[in-house]
Amino acid sequence: MRRPQLDIQLKTPDQIEKMRAAGLVVAEALRRMREAVAPGVSTADLDAIAEATIREAGAVPSFKGYHGFPASICSSVNEQVVHAIPSPKQVLQAGDLISIDCGAVLDGWHGDSAITVGVGDVDPALLKMAEVAEDAMWAGIAAAARGAASGKGRLTDISHAVETAVRKGGRYGIVDGYGGHGIGTEMHQDPHVLNHGRPGKGPRLVPGMALAIEPMITMASPRTAELADGWTVVTRDGSVAAHVEHSMALLPDGVWVLTAFDGGRARLGDLVTARQPAATKTP
């Protein structure tokens, strides 16, 4: 079933269960890559880990071949914001900050998530920026959960919560033009979810909506440029960026963070659906 106007795909609880399975594949791939991040490791090495993990689970990397993208992850280092192509020539060094975006499709349903990880000893200011991005993501998810529960929530309540959390965290640039999105039987669906804006606008937040929430922030200017490869987005001023993402779904009794091992329980508590066990063993 799809909502009119923006063509928003609403999922049944059983379909969301299938998305959860895809989300856990992505979570495991990111867990393994996080453990592998170290000086001397190339972004191509990380891509190989992701593809192996996804295929071992019987899933398919959703990024590979998407509009011609050649890899299973986006591996954006330092001033690269998003969509950087993994390469054996891009070898991580101590002090780098890498954002790893990963997606998988299982039984026709997509999962999509991203993490930002420090390499070796990293400037604490950069680690703080990554933490602020993550806090902002969770603030957006919580806003979605509360808005759906009240019956009064609108899409831009998420955007406003993300922006408010970033502004509270420090003086960071919020990348414009890029943001979250609907997700389901396709990786990118309506609606587009901006990381800034006034609350109370856009479609209502209702059970069955599944969204990827993904703040992208920088240490300075939010202005970006796309490189000649047609994919890699970098900051114009060379400042370091951070990008984090979770896929989440709204159910009648709460939110489910589909790409978090604990379903979001640690950060969201009782806002999480009862379909997510209260105690989950996290690898």
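In this predicted model, Asp-112 sits in strand 7, which covers residues 109–118. The residue has a relative accessible area of 2% and is therefore buried, the cut-off being under 20%. Setting aside neighbours within four places in sequence, the contacts of Asp-112 include Val-26, Phe-63, Cys-102, Gly-103, Ile-183, Met-187 and Thr-259. His-181 is also in contact with Asp-112, and the side chains of Asp-112 and His-181 are joined by a polar contact of 3.2 Å.

Asp-112 also carries an annotation. The UniProt record, an unreviewed entry, assigns the feature "binding site" to Asp-101, Asp-112 and Glu-245. These residues are spread over 145 residues of sequence, yet they cluster in space, with a largest C-alpha distance of 7.9 Å. Of the annotated residues, Glu-245 is included in the lining of the largest pocket.

Glu-245 belongs to the loop that links strand 15 (241–243) to strand 16 (246–251). With a relative accessible area of 0%, Glu-245 is buried, because the value falls under 20%. Beyond neighbours within four places in sequence, Glu-245 is in contact with both Asp-101 and Asp-112, and Asp-112 in turn has Asp-101 among its contacts.

Note on methods. Residues are numbered from 1 along each chain as its sequence is written. This is a predicted model: local features need pLDDT of at least 70, side-chain atom pairs count only at pLDDT 80 or more; totals for chains, interfaces and linings use all residues. Side-chain values use heavy atoms; hydrogens and water are left out. UniProt positions are given in the numbering used here, feature names are shortened, and annotations may be inferred rather than shown by experiment. On a 1 Å grid over the protein atoms alone, a cavity is a set of points where a 1.4 Å probe fits but cannot get out, and a pocket is an open set with protein on both sides within 12 Å along at least five of seven lines; lining residues have an atom within 4 Å of a point. Helices (H or I, at least four residues) and strands (E, at least two) are DSSP runs, numbered from the N terminus. Buried means under 20% relative accessible area, exposed over 50%, partly exposed in between (1.4 Å probe, protein chains only). Contact means heavy atoms within 4.5 Å. A polar contact is a pair of N or O atoms within 3.5 Å; within protein, one must be able to donate a hydrogen and the other to accept it, and residues adjacent in sequence count only if both atoms are side-chain atoms.
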